[in-house]
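Here are a few friendly notes to read beside the model.

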Amino acid sequence: MLDVLSALHALRRPRLLIRAARIGQGDYRRTVHLQRHLGIGPLPCSGAALMQLMEIEAEMNAQRKRRAAEYSAARHVDILIAMMGEARILRATHPERNDA
């Protein structure tokens with residue numbers, strides 16, 4: 001199985017979505033964002049949270065591609081912000097994975 005950071009690095013999304021997420025990344029607050037996206041309960045570690053966020057994002061991307069009425073670009077960007085924030089935390093806590 002691919003390392004979660006390698007899988008994240010392999011994602012290809014529209015430039016505008018990524019640019020918007022990068023702008024918002026500075027305001028990422030783990031307790032607020034993860035609580036909103038993953039629900040109530042203890043927050044998972046960054047690796048597990050990133051995997052869950054990637055699953056949510058994959059569904060959002062599928063909605064985007066099929067032009068589904070329920071697709072929200074703002075929510076998609078918010079998920080991408082959380083993914084970038086969790087990846088940053090994961091890289092900081094596991095320096096040996098910084099090659100991804």
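1. Glu59 and Arg66 form a salt bridge, with their closest N and O atoms 3.6 Å apart; the term means a side-chain nitrogen of Lys or Arg within 4 Å of a carboxyl oxygen of Asp or Glu. Through shared partners, salt bridges join Glu59, Arg66 and Glu70 into one network. Glu59 is partly exposed at 40% relative accessibility, and Arg66 is partly exposed at 49% (buried is under 20% relative accessible area, exposed over 50%, partly exposed in between, with a 1.4 Å probe and protein chains only).

2. Please keep in mind that this is a predicted model, where local features need pLDDT of at least 70, side-chain atom pairs count only at pLDDT 80 or more, and totals for chains, interfaces and linings use all residues. Residues are numbered from 1 along each chain as its sequence is written, and side-chain values use heavy atoms, leaving out hydrogens and water.

3. The whole structure has five salt bridges. One of them pairs Arg13 with Glu57, the closest N and O atoms being 2.6 Å apart. Arg13 sits in the loop between α1 and α2 and Glu57 in helix α4 (residues 46-65), so this pair ties together parts 44 residues apart in sequence. Helices here are DSSP runs (H or I, at least four residues), numbered from the N terminus. Glu57 is buried, at 0% relative accessibility.

4. Glu86 also forms a salt bridge with Arg30, at 3.1 Å between the closest N and O atoms. Glu86 belongs to helix α5 and Arg30 to helix α3 (residues 30-38), so the pair links parts 56 residues apart in sequence. Glu86 is buried at 0% relative accessibility, while Arg30 is partly exposed at 22%.

Terms used
Helix = DSSP H or I, 4+ residues; strand = E, 2+ residues; numbered from the N terminus.
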